[in-house]
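Colleague: I have a few questions about this model. Can we take them one by one?

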Amino acid sequence: MNCLDFRRRITAEPRSRDADLLAHRDSCKEGCAPFWQRAQRFEDDVESALAGIPVPDGLADRILLAHATDERRGQVRRRRSWMAMAASVLIAFGGVGLVWRHMDGTSLPALAVAHMPWEMDSLNMTRPMTDAQVEAGFIGRSAHLKGPAPAGVTYVHDCTVGPYPAVHLVTRMNDEPVVALYMPGKMSDADSDFHRDGWDGRQIALSGGTLVVMAQGASRNTMDAVARGWREAIEGPVAPSVGQI
């Protein structure tokens, strides 16, 4: 141990009885022994001065209580911070959930399914309608067919699906009724399938609006054929590609 280390240790721990400290004190010729003695006298003076000051009753308990109180306050602050963070997360997720439920409840599939309880009798109609009657349903919504309507149309009516003017059609194919709701002017980004409340359906984006085709229990082949038929009737027959000519 050198003198610098010795004096640092004595300054920090003047009453230390460490063997290495005492050995250096006794062997050092550079003044470490007098340094040690001055440190001891200073400690004696401090202890004497403090001895004359009465210690209030319960001071130690109050110090411990204050320490414990500070710890509890810190714990409370930390808990409150975590609770605030958790609440923020819950509020954020709740807000997202509310937005999602609102968007889902106002989607075209949701509006189409909600429209059907007042139209269930139309699924039982079996008498085919004329082309003129079908065309009249579209004219009522300022729309015109560009191709022949599918065979087996048994119902057509201009109605409203949610806030959107629509042409409501039922096509019976293979004795399976399939609903088609065409909303001119209501644009969609892409086609999508859905299943809601016992209805299987497809939302189809067209150039002039959106077509929703749906049924309860109809086969996929029947639904595909009806969707394809109404797409071609509304937008016109699909021109064959070069390879198909």
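Colleague: Which side chain makes a polar contact with the side chain of Thr 210?
Modeller: This is a predicted model. Thr 210 sits in strand S6, residues 209–215. Its side chain pairs at 2.6 Å, inside the 3.5 Å limit for a polar contact. The partner is the side chain of Ser 188.

Colleague: Is Thr 210 buried or exposed?
Modeller: Beyond its neighbours within four places in sequence, Thr 210 contacts residues including Leu 108, Tyr 182, Met 187 and Ile 204. Its relative accessibility is 0%. Buried means under 20%, so Thr 210 counts as buried.

Colleague: Which element gives the largest share of the largest nonpolar core?
Modeller: That core has 23 residues, and Leu 211, Val 213 and Trp 230 are among those with the most contacts inside it. Elements giving it two or more residues include helix H6 (131–139), strand S1 (153–161), S6 and helix H7 (220–235). The largest share is 6 residues, and it comes from H7.

Colleague: Is Val 46 buried or partly exposed?
Modeller: Val 46 is in helix H3, residues 32–51. With Phe 42 and Leu 50, Val 46 makes a nonpolar surface patch of about 290 Å². Its relative accessible area is 31%. That value falls between the 20% and 50% cut-offs, so Val 46 is partly exposed.

Note on methods
Residues are numbered from 1 along each chain as its sequence is written. This is a predicted model: local features need pLDDT of at least 70, side-chain atom pairs count only at pLDDT 80 or more; totals for chains, interfaces and linings use all residues. Side-chain values use heavy atoms; hydrogens and water are left out. Helices (H or I, at least four residues) and strands (E, at least two) are DSSP runs, numbered from the N terminus. Buried means under 20% relative accessible area, exposed over 50%, partly exposed in between (1.4 Å probe, protein chains only). A polar contact is a pair of N or O atoms within 3.5 Å; within protein, one must be able to donate a hydrogen and the other to accept it, and residues adjacent in sequence count only if both atoms are side-chain atoms. Contact means heavy atoms within 4.5 Å. A nonpolar core is a set of buried Ala, Val, Leu, Ile, Met, Phe, Trp, Tyr and Cys residues joined through side-chain atoms within 4.5 Å. Patches are made of residues with over 30% relative accessible area and no salt bridge: like charges are joined within 9 Å, nonpolar side chains (Val, Leu, Ile, Met, Phe, Trp, Tyr) within 5 Å. Accessible areas come from the Shrake-Rupley method with a 1.4 Å probe; for residues, only the protein chains shown count as cover. A salt bridge is a side-chain nitrogen of Lys or Arg within 4 Å of a carboxyl oxygen of Asp or Glu.
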